[in-house]
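These are my notebook entries on a single structure. I set down what I looked up, entry by entry.

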Amino acid sequence: HLPGGRLSPTLNFVLDEETPWSEVDRVAASAAGANLERAEFLSQYRGQQLGPEKKSYVIRLLFRSPDRTLTSEEVDGAVRNVVAACERELKATLRA
């Protein structure tokens, strides 16, 4: 990665139908730390595989440091924090 390069892992969460994107965005931003540039909504899915009253959101987390290259360990740690916060606060599950 180049200095200041952007790292952008993608996550797929299964959530209750009534959970709005704004809540996922809020929780992700709060949990990810200072190097999160933004969370992007990529897609939404509803289907029998998810179960009744469920949907999935695919999101991308964009990380960047203005002055250095982030390590994969830093980004992985931030992603783990986002997953744990979404599980705890939104009752989300990570979809494989």
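**Entry 1. Conventions.**
I note that this is a predicted model, in which local features need pLDDT of at least 70, side-chain atom pairs count only at pLDDT 80 or more, and totals for chains, interfaces and linings use all residues. Residues are numbered from 1 along each chain as its sequence is written, and side-chain values use heavy atoms, with hydrogens and water left out.

**Entry 2. Helices H1 and H2.**
I looked up how H1 (residues 21-32) packs against H2 (residues 72-90): the angle is about 135 degrees and the axes are 8 Å apart. Helices (H or I, at least four residues) and strands (E, at least two) are DSSP runs, numbered from the N terminus. Axes are lines fitted to C-alpha atoms, for helices over the stretch in contact, and angles run from 0 to 180 degrees between N-to-C directions.

The two helices, H1 and H2, are therefore oblique to each other. In this scheme, angles under 35 degrees are roughly parallel, over 145 roughly antiparallel, 65 to 115 roughly perpendicular, and the rest oblique.

I recorded the crossing of H1 and H2 as right-handed. That term applies if the near helix is turned clockwise from the far one by less than a right angle, and left-handed applies if anticlockwise.

On the H1 side, the contact is made by Glu 23, Val 24, Arg 26, Val 27, Ala 28, Ala 31 and Ala 32. H2 contributes Ala 78, Asn 81, Val 82, Ala 85, Cys 86, Glu 89 and Leu 90. Contact means heavy atoms within 4.5 Å. By class, the residues of this contact between H1 and H2 are ten nonpolar, one polar and three charged. Ala, Val, Leu, Ile, Met, Phe, Trp, Tyr, Cys and Pro count as nonpolar, Asp, Glu, Lys and Arg as charged, and the others, Gly among them, as polar.

**Entry 3. Salt bridges.**
How many salt bridges does the structure hold? I find ten. The criterion is a side-chain nitrogen of Lys or Arg within 4 Å of a carboxyl oxygen of Asp or Glu.

Asp 16 and Lys 54 form one of them, at 2.6 Å, N to O. This pair links distant parts of the chain, 38 residues apart, with Asp 16 in strand S1 (residues 10-16) and Lys 54 in strand S3 (residues 54-63). Asp 16 is partly exposed at 22% relative accessible area, and Lys 54 is partly exposed at 26%. Here buried means under 20% relative accessible area, exposed over 50%, and partly exposed in between (1.4 Å probe, protein chains only).

A salt bridge also joins the side chains of Glu 23 and Arg 26, at 2.8 Å, N to O. Both residues, Glu 23 and Arg 26, lie in H1, three residues apart, about one turn of the helix. I logged Glu 23 as partly exposed at 27% and Arg 26 as partly exposed at 41%.

Glu 89 and Arg 88 meet in a salt bridge of 3.7 Å, N to O. Glu 89 is partly exposed at 40%, whereas Arg 88 is exposed at 53%. Elsewhere, salt bridges that share partners join Glu 37, Arg 38, Glu 40, Arg 60 and Arg 64 into one network.

Beyond its neighbours within four places in sequence, Thr 19 contacts Val 24, Lys 55, Tyr 57 and Leu 90.

Ala 78, in H2, is buried at 7% relative accessibility. With neighbours within four places in sequence left aside, Ala 78 is in contact with Ala 32 and Phe 63.

Asn 12, placed in strand S1, is buried at 18% relative accessible area.

Most residues other than glycine have a negative phi. Which residue in the loop between strand S2 (36-45) and S3 did I look up? Glu 53 lies there, with a positive phi near 60 degrees, and is exposed at 59% relative accessibility.

Lys 91 also has a positive phi, of about 60 degrees, although it is not a glycine. Lys 91 lies in the loop between H2 and strand S4 (93-94) and is exposed at 56% relative accessibility.
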